[in-house]
Amino acid sequence: MGHCAAGDAWRAAVSPKSSLRDNPRSSAHVRPPESSEKHHATTIHMMNSRTSVESLSSFDLLSATRELVRKSRGLEAELLVHLGEIDERKLYLDRSFSSMFAFCVGELGFSEDAAYNRINLARAARGMPVLLEALRSGQVHLAGLRLLAPHVTIENQCKVLAEAAGKSKRKIEELVARLSPQPAVPTLVRKLPDRPTPAPESPAFSFGTTQPVQPPPASSPALALAPPPAPPSPRRDERRAVIAPLAEETFKFQFTGSRACHDKLRQAQDLLRHRVPDGDLGTIFEKALDLLIDQVKKERFATGRKARHTPSENLDESCSRHIPDRIKREVFERDGGRCTFADDRGRRCTETGALEFDHVDGFARTHLHRADRIRLLCRAHNQHAAEQLYGRAFMDRARGLLEPLPRPGSHSG
Ligand SMILES: [Zn+2]
């Protein structure tokens, strides 16, 4: 029953003016017996809905989507209330499930993650309805609330939820680390067991950290070479790097590196022994990153390079594609190392990665490098700008997505 209600609401949300009931193709006066006919009607409806979505203007498409999001948040909050009540009544026992979790997965068809998140939040929300309100209003998303729930109290709820408002999951993880600081993790460099299957040629190393059973000693952690643990063969997702906040100013890092990486680390520790006597990994890492960031910024954006102003450089400005260093530097600093694309409401893109220099008037047209006509754009917005300037078909060809057009005047065959 609850399933039907949710489905109807979804249909109404997708197509507010023609709900399933008003649709002559599916509003059979006699209810179909279930199963295939119902499925058929839904399929037709979804196809209609897709056609009608395709005919929407971009403005209408965006506002219809916002409306859907608003409704789905309301539904999600409502669902949590229902789950909380089922849990409270232990109805899953009557349905021959041993736990609420098993019921959610087995009967409601949730994934394990979704079941876990919803049950936890549903339980927390019974004592603190403000969590549901935060979900319904869109103040905080489901994943964020699940993280926050164990740390929200009657006393801090308003402050914490206000602080979490509009934040990404990663930012909320940092907020949680501040609310509930964890002790530093011990430094570990650990050799992982060799894997027989598609492992890299050289044995992998992990500059790994493990959750401490007890807080580590206050003295700075010495680099410990731990023996390999019992050989569980790590799955691919276990090899993914981890960067997790521990407290307001501390993070846990964990990743798998090559033997060469390990050897370079040891060498760096040796070379820095006079400045970092304990060889602290975090300190050495930060120093290495300082150097790397400096170097890449110099290469890509000419920052920190000595200003060199020669007549030949000026000459280059008009013929070569190479943007002179002083212009790169000026643009990078002026734009604050961030994409400058702004939408019609003036909201600026937050991207700081994969930045590119964009000639506002198109270099192919002007063959000019001028700081006031060059801006930083992220790759996606640079492509977007180029498509608007040169046309999509041209850019697709430029990227090799289409067959190149024959050059004017050159007739093949
Ligand atoms: Zn951008």
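Val 360 touches Arg 373, Ile 374 and Arg 375, leaving aside residues up to four places away in sequence; two residues are in contact if their C-beta atoms, placed from the backbone, lie within 7 Å. This is a predicted model, where local features need pLDDT of at least 70 and side-chain atom pairs count only at pLDDT 80 or more, while totals for chains, interfaces and linings use all residues. Residue numbers start from 1 along each chain as its sequence is written.

**The whole protein**
- The protein has 17 helices and eight strands; helices (H or I, at least four residues) and strands (E, at least two) are DSSP runs, numbered from the N terminus.
- Out of 413 residues, 15% count as buried. A residue is buried if 20 or more other C-beta atoms lie within 10 Å of its own, exposed if 12 or fewer, and partly exposed in between, with C-beta atoms placed from the backbone.
- Take the contacts between residues at least 6 apart in sequence: 57% of them join residues at least 24 apart.

**How confident is the predictor?**
- pLDDT is the predictor's confidence in each residue, from 0 to 100. Its mean for the protein is 78, and 70% of the residues reach 70 or more.
- Residues 1–34 have pLDDT below 50, and this stretch has 27 contacts in the model beyond near neighbours in sequence.
- Over residues 197–234, pLDDT stays under 50 too, and the model has 68 contacts for them beyond four places in sequence.

**The nonpolar cores**
- A nonpolar core is a set of buried Ala, Val, Leu, Ile, Met, Phe, Trp, Tyr and Cys residues joined through C-beta atoms within 7 Å.
- The largest one has 27 residues, and the members touching the most others are Leu 80, Leu 131, Leu 135, Val 140, Leu 145 and Leu 148.
- Helices that give two or more residues to this core include H3 (58–89), H7 (130–136) and H10 (169–179). Helix H6 supplies the largest share, five residues.
- Leu 148 touches Val 140, Val 160, Ala 164, Ile 172 and Val 176, again not counting residues up to four places away in sequence.
- There's also a second, separate core of eight residues, with Val 331, Ile 374, Leu 377 and Cys 378 among them.

**A hairpin**
- Strand S4 (residues 242–247) and strand S5 (residues 250–254) run antiparallel and are joined by five bridges; two strands pair if DSSP finds at least two bridges between them.
- S4 and S5 make a hairpin with two residues between them, and Val 242 sits opposite Gln 254 in S5.

**Loops worth a look**
- Back to Val 360: you'll find Val 360 in the loop between strand S7 (355–359) and helix H15 (363–366). Val 360 is partly exposed because 15 other C-beta atoms lie within 10 Å.
- Val 360 and Arg 370 are ten residues apart along the chain, and their C-alpha atoms are separated by 9.7 Å.
- His 367 is in the loop between H15 and strand S8 (374–378). Its phi is positive, about 55°, although His 367 is not a glycine.
- Is His 367 buried or partly exposed? His 367 has 13 C-beta neighbours inside 10 Å, so it counts as partly exposed.
- Ala 302, in the loop between helix H12 (281–301) and helix H13 (311–319), also isn't a glycine, yet has a positive phi near 60°.
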